[in-house]
Protein chains: 2
Amino acid sequence: MKIKYTLEKEEKNTKARLGKIETNYGTYDTPMFMPVGTRATVKGLTPEQVKDCNAGIILSNTYHLWLRPGEDVVNHAGGLHKFMNWNGPILTDSGGFQVFSLAKNKKKDITEEGVHFKSHIDGSKLFLTPEKSIEIQNKLDSDIAMSFDECPPASADHEYLKNSLERTLRWAARGKKVHSNPNQALFGIVQGGPYEDLRKLSAIETVKLDFDGYSIGGVANDGESKEDMYKAIDYSIPYLPKDKVRYLMGVGEPVDIIEGVERGIDIFDCVLPTRIARHGQAFTRNGKINLNNAKFIEDFTPIEDTCDCYTCKNYTRGYIRHLMATDEMLGKSLLSIHNIRFLIRLTEDLREAIKNDNFLEYKKYFLEKYEQNKKH
Amino acid sequence: MKIKYTLEKEEKNTKARLGKIETNYGTYDTPMFMPVGTRATVKGLTPEQVKDCNAGIILSNTYHLWLRPGEDVVNHAGGLHKFMNWNGPILTDSGGFQVFSLAKNKKKDITEEGVHFKSHIDGSKLFLTPEKSIEIQNKLDSDIAMSFDECPPASADHEYLKNSLERTLRWAARGKKVHSNPNQALFGIVQGGPYEDLRKLSAIETVKLDFDGYSIGGVANDGESKEDMYKAIDYSIPYLPKDKVRYLMGVGEPVDIIEGVERGIDIFDCVLPTRIARHGQAFTRNGKINLNNAKFIEDFTPIEDTCDCYTCKNYTRGYIRHLMATDEMLGKSLLSIHNIRFLIRLTEDLREAIKNDNFLEYKKYFLEKYEQNKKH
């Protein structure tokens, strides 16, 4: 079966909503944060460690798996779940974002047919079309596939964005036409930058194509302001059906997750928790801390006293600081576990706040603590 | 309490022996392979993953921990077990081997008092003495401390080796004198290169000092031949008491573990399983294989069908090959788990062979399979 979203409750004072997603690999509550396993592995963690963070769906990248090891290899292995030993649901992106952000020298040629660009690995010439993206995702056998879209740069003007979103709509229709995996949902993506008319147009036309869920794209580009991100959500949400899941792509800063949930978003993904972990940073309820810092050398307390993650239950800041100082892999893994759990725990708290109709109070409480260090 | 070794059985046709070591962290069977956690972490693995390989004692390095984070930091954390979250026994080496192999530019000045050398990290001047080595190990609070010894190069001649081992004996006596941790055993180290008279002299005089266990050192140097290693064991073993544990330092090739056990060795350590893992190599009963090799891209079988490790139960060669090709940390961790389990499983098989008095048959069976690829 395909995934099924059920709206369970709307919060009294905001657009925040509680829901659940039924999948072939269990049922999960929303709002939800999805850890990212770009190349069929959440960097540095075993699937058991990811599960132990109470993760539901994870995300994997079509572009990266297309290049290495190739979708046919994954397919011959029995699909992505079996290949990577993950018995939970998986969402694959379309490759669009990577084509526009990673492609070698940023040189790409966008045609109606698809995008010509160069591999970020070896510079070889590649051509990705909406049909190809869906075909790859069909073969990967993820639970949720994304439509192939253009991710315009933050600097794009109204005219560019209008042409782009119209092409993205035509691409979405082409992708839907060839989508054939009966166990895989297909999501449409709303584009249109920070413009109300464009987001409205994109949302209405995308919904007309009737997808299994809807994503708000083009909000995690370099140079995109937070204000524009919130506008993009506000301008898109009113035109999305209530009975379908809503996914804000590439967003993982705590404040943005809260702002997204407040506006009616159900799922989020981001490489942030694992990426900052590899650089020694940990989320805490009092803001980020950098475990490379020598001040932690004799700090034998956990990253967070109140955190229930494997790392906080078993290791100290001083030990993690030692692992980072000596470039030991375990340090990156322990911080990744904590940071993923931190964001998942945040979504658990947000769900509780929605249940209790005190979302805004929780938001105020969380952000005051989280941002207190910035004010000093 | 200090560790206690009990000899349980000697094999009928060889000097191989079965025993057990009681520690403050449980009782473990010998012969045993000890995984190495150089800097208070077995590279890339959580303690649970190490335990899951059925590991008993692990080894950690005095030299590395002295430099980073410093023995006082570890001591203030509550000792090495607590610092690294390892609730099993730990053996610390003396730092001697690292001083002689790692010290910057190999420049060192050996005096009767100790060794002047430069840090391999920043070239700063350091001075390590027998007393200092024991003091550091006391503070680390490992279960087994090693005496500070000189590890002469494989090229050293008889005269050099004689002077060196006599100084090592004086160092051993000095170290024993200052050793004061009531929960920590202290081992002596037999030196003497490949010479029968020197090994005999070193063994007899070291045993006179009455240590809790004995190690055979100077066998894992660059340029040391396997023949010289086996000689060193053969010439030392007859002079070591049967009721004390015997440790062959830095040895982890399967063939060498087998040859060592046959000659009466009880415990081994080596970085080999984790080091070759990080380069994509896996031990198998049919010899080593290199998972970087493209021929494994669509090989969806485990590293070894017959292996009971976490990696072999859950992952394929093709997936691990993908992780290595994309430089994903998980690949190194999965291979490390397999390789550590491989050596531990070998010692389990050797123990079974000793029980059954068929050590030589097992040796023949194992080595014929293990070395078959070399013959092709």
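At roughly what angle do the axes of helix 6 and helix 7 of chain A cross? The first point below gives the answer.

1. Helix packing in chain A. The axes of helix 6 (residues 130-140) and helix 7 (residues 158-178) of chain A cross at roughly 40° and come within 8 Å. Axes here are lines fitted to C-alpha atoms, for helices over the stretch in contact, with angles running from 0 to 180 degrees between N-to-C directions. Helix 6 of chain A is therefore oblique to helix 7 of chain A; angles under 35 degrees count as roughly parallel, over 145 as roughly antiparallel, 65 to 115 as roughly perpendicular and the rest as oblique. Helices (H or I, at least four residues) and strands (E, at least two) are DSSP runs, numbered from the N terminus.

2. Basis of the description. This is a predicted model, in which local features need pLDDT of at least 70 and side-chain atom pairs count only at pLDDT 80 or more, while totals for chains, interfaces and linings use all residues. Residues are numbered from 1 along each chain as its sequence is written, and chains are lettered from A and ligands numbered from 1 in the order in which they are written.

3. Confidence. The average pLDDT of chain A is 96, and 99% of the residues score at least 70; pLDDT is the predictor's confidence in each residue, from 0 to 100. The model has an ipTM of 0.97 and a pTM of 0.98.

4. In chain A, helix 6 contributes Pro130(A), Glu131(A), Ser133(A), Ile134(A) and Glu135(A), and helix 7 contributes Trp171(A), Arg174(A), Gly175(A) and Val178(A). Two residues are in contact if their C-beta atoms, placed from the backbone, lie within 7 Å. The residues of this contact comprise 4 nonpolar, 2 polar and 3 charged, where Ala, Val, Leu, Ile, Met, Phe, Trp, Tyr, Cys and Pro count as nonpolar, Asp, Glu, Lys and Arg as charged, and the others, Gly among them, as polar.

5. Helix packing in chain B. Helix 6 (residues 130-140) and helix 7 (residues 158-178) of chain B have axes that come within 8 Å and cross at roughly 40°. Helix 6 of chain B is thus oblique to helix 7 of chain B.

6. The same surface serves both copies, since 100% of the contact residues of chain B recur in chain A.

7. Backbone details. Thr30(A) and Pro31(A) are joined by a cis peptide bond, with omega about 0°; Pro31(A) lies in the loop between strand 3 (26-30) and strand 4 (32-34) of chain A. Asp141(A), although not a glycine, has a positive phi of about 65°.
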